[in-house]
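Please look over the sequence and the structure shown below, and keep both in view while reading the report that follows.

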Amino acid sequence: MSAEGERKTETIPQWKQDEVDDIVGMIESYESVGVVNIAGIPSRQLQDMRRDLHGTAELRVARNTLLSRALEEVDDGLEALTDYVAGQVGLIGTNDNPFSLFKSLEASKTPAPIGAGEIAPNEIVIPEGDTGVDPGPFVGELQSIGADARIQDGSIQVLSDSAVLDAGEEVSQDLANVLNELGIEPKEVGLDLRAVFADGVLFEPEELELDVEAYESDIKAAAGQAFNLSVNAEYPTATTAPTLLQSARADAKSLALQAAIEDPEVVPDLVSKADAQVRSLAAQIEDPEALPEELQNVEAAAATEESADDQDDTASDESADEDAAAEEAEDDDDDDEDAGDALGAMF
């Protein structure tokens, strides 16, 4: 018998089996189940997180052996999560999809101070600016951890952004003291998702960290391109059929107008087109008497419009001439004034 089989069949105390059964029931009641890291979260804050999750997800904390046993008893692929049950962890169940679960857990994280001996999750930087601390030994503490600090204008100033620790390095007691004094909280406290299982697929955080807005933009662009391809290829779908019908109707109407087909829907446009052509031709005939009475006003209207255009042109020319004359007179006055100034200088 395999070690796994022995583990499933070994006898355990009834209280442990009862707890395993409760965990199994919790797992089976949700569509998505994950393992979250709870290390470093104070008990009171963990209770607050549980309360905040109420209605959307359920957090279950128990001994790792019991969590693993429950995952193995459910099976259905969930036993893969046992590889992530190590250290201080809990199980989280939700009916949301894994991407929504990851997003909500990340959004719920809050800044927190970091203590000596902890590992920096990110690069720690002392920002440029006034520390607000009066001159004293603290400037030496800042300099000892690598900060570009000086005493200026009656206070301790950090002259430039100073990286004092790389991600993955251990925080010293001196650095922890400085960060606490400055109120810098370089880490985030929250439920850290290690893995989640849903619909037969195991997801890790790297696969769930998506730019939702960029993803939605890509989907919309792909949908638009597919729509254009379908329309241009004249491939009817429930989405493109209305556009294809409108395009076909417009093409049919254009053809009917060009071919002068007397269709009831086209006749009004044909009449308007013929009327416009007749009026255009009538406007080109110089002798109004040669036209039917109903078209003579077309010639008169054209003549009136032409006369109005001529008057506008004449008025524009006259205005231009007046402006030019005024400008020339102004130039003559300036020349006379300059000449007077020159004579005054000579005498």
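In which helix is F99 found? The model is a predicted one, and in it F99 lies in helix 5, which covers residues 98-107. With a relative accessibility of 33%, F99 counts as partly exposed, and together with L210, Y215 and I219 it forms a nonpolar patch on the surface, the accessible area of these residues together being about 390 Å².

Charged side chains are the next topic. Side chains of opposite charge can pair when their charged atoms come close.

| Pair | Distance, N to O |
|---|---|
| D48 and R51 | 2.7 Å |
| E118 and K187 | 2.7 Å |
| D269 and K253 | 3.0 Å |

D48 and R51 both belong to helix 3 (residues 43-53), and because they are three residues apart there, about one helical turn separates them. D48 is partly exposed, at 29% relative accessible area, whereas R51, at 53%, counts as exposed.

The salt bridge between E118 and K187 links distant parts of the chain, since E118 sits in the loop between strand 4 (110-112) and strand 5 (124-126), while K187 belongs to strand 10 (residues 187-189), 69 residues apart. E118 counts as partly exposed at 29% relative accessibility, but K187, at 16%, counts as buried.

The salt bridge between D269 and K253 joins helix 11 (residues 267-282), which holds D269, to helix 10 (residues 241-259), which holds K253, and the two residues are 16 residues apart. D269 is partly exposed at 29%, and K253 is partly exposed at 33%.

Finally, E106, K109 and D192 are linked in a network of salt bridges.

Technical notes. Residues numbered from 1 in each chain as written. Predicted model: local features only at pLDDT ≥ 70, side-chain atom pairs only at ≥ 80, totals over all residues. Heavy atoms only, no water. Patch = residues over 30% accessible without salt bridge, like charges linked within 9 Å, V, L, I, M, F, W, Y side chains within 5 Å. Areas by Shrake-Rupley, 256 points an atom, 1.4 Å probe, with all protein chains shown as cover. Salt bridge = Lys/Arg side-chain N within 4 Å of Asp/Glu carboxyl O. Helix = DSSP H or I, 4+ residues; strand = E, 2+ residues; numbered from the N terminus. Buried < 20%, exposed > 50% of the residue type's maximum accessible area, 1.4 Å probe, protein only.
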